[in-house]
Amino acid sequence: MPPSSSTPAPAAAHRKPVRLARHFSWATLVGVLLVTAALIFSWRALTVRHLIEHESHANADLTQAFVNSVWRPFQALAAPTAGRSRADLAAHPLVKPLRQQVLAKMQGLRVAKIKVYNPQGITVFSTDEKQIGENKADNAGLQQALRGQVVSLITYRDRFDAFEGVINHRNLISTYVPVRSSTGGPVDSVFEVYSDVTDMLERQQRALWEVAAVVLGLLAALYAFLLALVRRADRALARHEHERATREAQVQHQAYHDALTGLPNRAYFGERLAEVAARAQRQGPKAHRSALMFIDLDRFKFVNDSLGHEAGDLLLQEVARRLRAALRASDLLFRMGGDEFTVILPEIATPQEAAQVAQRLQAALAAPVKLREHDLPLAASIGIAVCPDDGVDADALLRNADAAMYSAKAGGRGMHAFYKEEMNLRARQRLELEAALKQGLRNDEFRLFYQPRLQAGSQQVVAVEALLRWERPGHGLVAPADFIGVLEDMGLMNAVGEWVLRGSCQQLLAWQAMGLAGLHVSVNVSVSQFENAGFLDMVRRVLNEAGVNATHIELDLTESMLIHHPAQAARTLAALKALGVRIAIDDFGTGYSSLNYLRHLSVDVLKIDRSFVTDISASARDRAVATAIVQLAQALDITVVAEGVETEDQAGFLRRLGCHEMQGYLFCRPQPPQALAGLLGGAGTAQNHKEPARQVAMT
């Protein structure tokens with residue numbers, strides 16, 4: 001499959017590079033100029049405000065000095081002036097002597113003019129005699145002063161009549177100062193004092209520009225330094241532009257591809273499937289058909305559990321290689337996760353073309369894969385959904401192809417199947433089963449049945465195996481094969497497994513109370529239970545709470561549990577043995593593992609799988625396997641149990657072979673505990689219990 005058909009182009013890698021130096025130089029230059037301008041403006045406003053405040057206080061103090069030393073004898077000038085002309089006011093006999101004293105006091109000060117107003121706003125005195133008699137009642141500064149406030153304003157005059165003569169181009173501060181004849185009394189006159197601050201402002205202006213020049217110089221130096229750094233960084237970015245584009249393309253590739261196999265992943269699958277479905281929907285079934293194939297490897301979990309995840313990864317890589325090689329250039333292969341793959345056939349003439357592709361894929365997977373000295377048979381179940389016949393949107397196509405895959409798997413594995421409407425019925429039934437199982441847990445619908453295990457020679461009952469049953473309302477007793485896998489998928493086996501162990505301990509105590517002191521109970525342990533971090537603590541807690549003797553509890557494990565993580569399994573088994581429980585290996589001989597682990601693990605019981613017992617009378621190969629297992633167990637001083645014994649011929653051969661214990665329908669089917677009371681409490685043999693009152697044809 002060519003890369004162009006499966007890899008999205010990393011568009012981000014073609015972006016125009018950003019030139020930092022160009023943007024920085026202009027932005028920073030503008031910033032420097034704005035900062036400098038803002039600094040000059042703020043500094044000038046601050047200095048002018050401080051100058052006004054200073055002169056305001058100075059003029060207020062000067063006015064108070066005039067009032068104390070000069071004004072008291074002349075307060076009559078501030079009397080109401082109604083009916084008096086400006087000439088009358090200027091000719092008042094107190095004006096001339098007051099002017100002389102004021103001018104004498106103003107010598108050497110920055111004061112350019114002094115004016116006095118009465119409460120009506122009439123100028124009753126001024127060092128500039130022409131202004132006597134003017135009405136300034138509407139002057140805002142004067143009005144504020146008449147209300148008791150000291151008010152100062154700065155102004156610029158091209159020409160100003162000062163007491164020393166005319167002065168030009170001057171900056172003046174005029175201060176209105178209220179005067180009271182008594183403390184707390186009303187304002188009876190207002191002095192307006194003009195201060196010449198031209199020289200002070202010029203000095204401040206020179207200082208301001210000097211500071212601005214220093215600041216501007218520092219900012220310019222900083223600007224030059226930063227610009228050099230940015231240009232250097234800009235050059236470095238330019239040098240690494242190709243590397244950035246490459247890294248971005250790699251990230252995009254990783255986002256759309258599976259790390260293990262290199263195939264496009266689920267994210268890219270969704271995009272391409274939506275495109276194909278949209279095109280098929282636009283053009284119609286007569287003009288365009290496409291197909292989606294959902295591929296699931298058969299028995300991959302068994303390989304993964306038996307040989308470990310590393311071997312599972314190698315197997316997946318080989319599967320991806322074979323699938324890719326078997327497809328056409330236009331076909332799109334994806335890994336969805338785990339052992340699931342999908343193939344999009346963008347254009348097919350007929351559905352039969354998709355079937356031919358499926359057959360080609362299954363043929364490519366038919367050859368065994370050699371992993372760790374094992375030749376592993378390989379097969380896959382393939383579900384096919386045709387677009388637009390089986391769906392016109394991506395979700396429907398994926399759902400229907402998945403349903404078809406499960407139908408193919410149910411038909412015998414290694415098969416392919418086209419989607420049919422009734423497949424959704426099975427999917428709904430699965431959802432209903434999951435809901436019913438959850439309700440069954442809440443409503444205590446699970447039951448424990450027990451199947452006796454007999455000593456081969458005396459046929460004395462020495463143990464029972466606890467077997468889970470579900471008493472589903474409206475369905476009767478449901479066999480574990482119909483729901484254990486669903487419980488595993490739902491993640492409920494840990495809770496159910498604890499319930500089974502707890503119920504088995506309680507039933508053992510009940511039997512022991514009946515006098516069956518030597519009876520053992522065997523409890524099956526699932527892979528998810530054994531690998532759970534809290535498994536050991538759960539067993540210890542249940543045994544302690546039940547108060548049962550741990551040596552009478554036997555935990556059945558499968559070979560795959562012990563070789564998946566051998567070091568961790570050995571530690572767990574050692575801890576279980578420390579609690580006192582017995583360890584049994586169930587379905588022995590069916591795994592890929594070597595028998596070497598038996599030498600290193602403390603195992604009490606080996607159970608010969610029923611698949612070797614069924615044809616043991618007729619099959620020399622099965623007899624040889626059973627003989628080897630018994631001889632190995634005897635050599636290691638391990639008890640051997642044969643499961644699934646159904647005929648006298650099987651029992652006789654196993655007895656002669658030296659098998660220690662047997663279990664099967666020949667002796668007794670699984671029974672509820674109350675139905676076993678006669679068998680366990682009677683003579684202790686199974687000769688009279690081959691057809692008990694309540695038989696359940698389940699294993």
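Trainee: With which residue does glutamate 318 form a salt bridge?

Mentor: The model is a predicted one. A salt bridge requires a side-chain nitrogen of Lys or Arg within 4 Å of a carboxyl oxygen of Asp or Glu. For glutamate 318, the closest N and O atoms of the pair are 2.6 Å apart, and the partner is arginine 321.

Trainee: Why are glutamate 318 and arginine 321 separated by about one helical turn?

Mentor: Both residues belong to helix 9, which covers residues 309-326. Arginine 321 itself is partly exposed, because its relative accessibility is 45%.

Trainee: Which residue meets aspartate 196 in a salt bridge?

Mentor: The N to O distance in this pair is 2.8 Å. Aspartate 196 belongs to strand 5 (residues 187-196) and its partner to strand 4 (residues 165-180), so the pair ties together parts that are 26 residues apart in sequence. Both residues are buried. The partner of aspartate 196 is arginine 170.

Trainee: How many residues apart in sequence are the parts tied together by glutamate 661 and arginine 453?

Mentor: The side chains of glutamate 661 and arginine 453 form a salt bridge with an N to O distance of 2.7 Å. Glutamate 661 is in strand 21 (residues 661-663) and arginine 453 is in strand 13 (residues 446-455), so the parts they tie together are separated in sequence by 208 residues.

Trainee: Is arginine 453 buried or exposed?

Mentor: Buried means under 20% relative accessible area. Glutamate 661 has a relative accessibility of 11% and therefore counts as buried. Arginine 453 has a relative accessible area of 3%, so arginine 453 is buried.

Trainee: Which residues are linked with Arg453 in a network of salt bridges?

Mentor: Side chains of opposite charge can pair when their charged atoms come close. Here the network of salt bridges links Arg453 with Glu554, Arg582 and Glu661.

Trainee: How many salt bridges does the count come to?

Mentor: The pairs already discussed include glutamate 318 with arginine 321 and aspartate 196 with arginine 170. By the 4 Å rule, the count comes to 25 salt bridges.

Trainee: Which helix contributes the largest share of the nonpolar patch?

Mentor: The patch has an area of about 400 Å² and is made by Trp26, Leu29, Leu33 and Leu216. Tryptophan 26 is found in helix 1, and tryptophan 26 counts as exposed because its relative accessibility is 57%. The largest share, 3 residues, comes from helix 1 (residues 20-71).

Technical notes: Residues numbered from 1 in each chain as written. Predicted model: local features only at pLDDT ≥ 70, side-chain atom pairs only at ≥ 80, totals over all residues. Heavy atoms only, no water. Patch = residues over 30% accessible without salt bridge, like charges linked within 9 Å, V, L, I, M, F, W, Y side chains within 5 Å. Areas by Shrake-Rupley, 256 points an atom, 1.4 Å probe, with all protein chains shown as cover. Helix = DSSP H or I, 4+ residues; strand = E, 2+ residues; numbered from the N terminus. Buried < 20%, exposed > 50% of the residue type's maximum accessible area, 1.4 Å probe, protein only.
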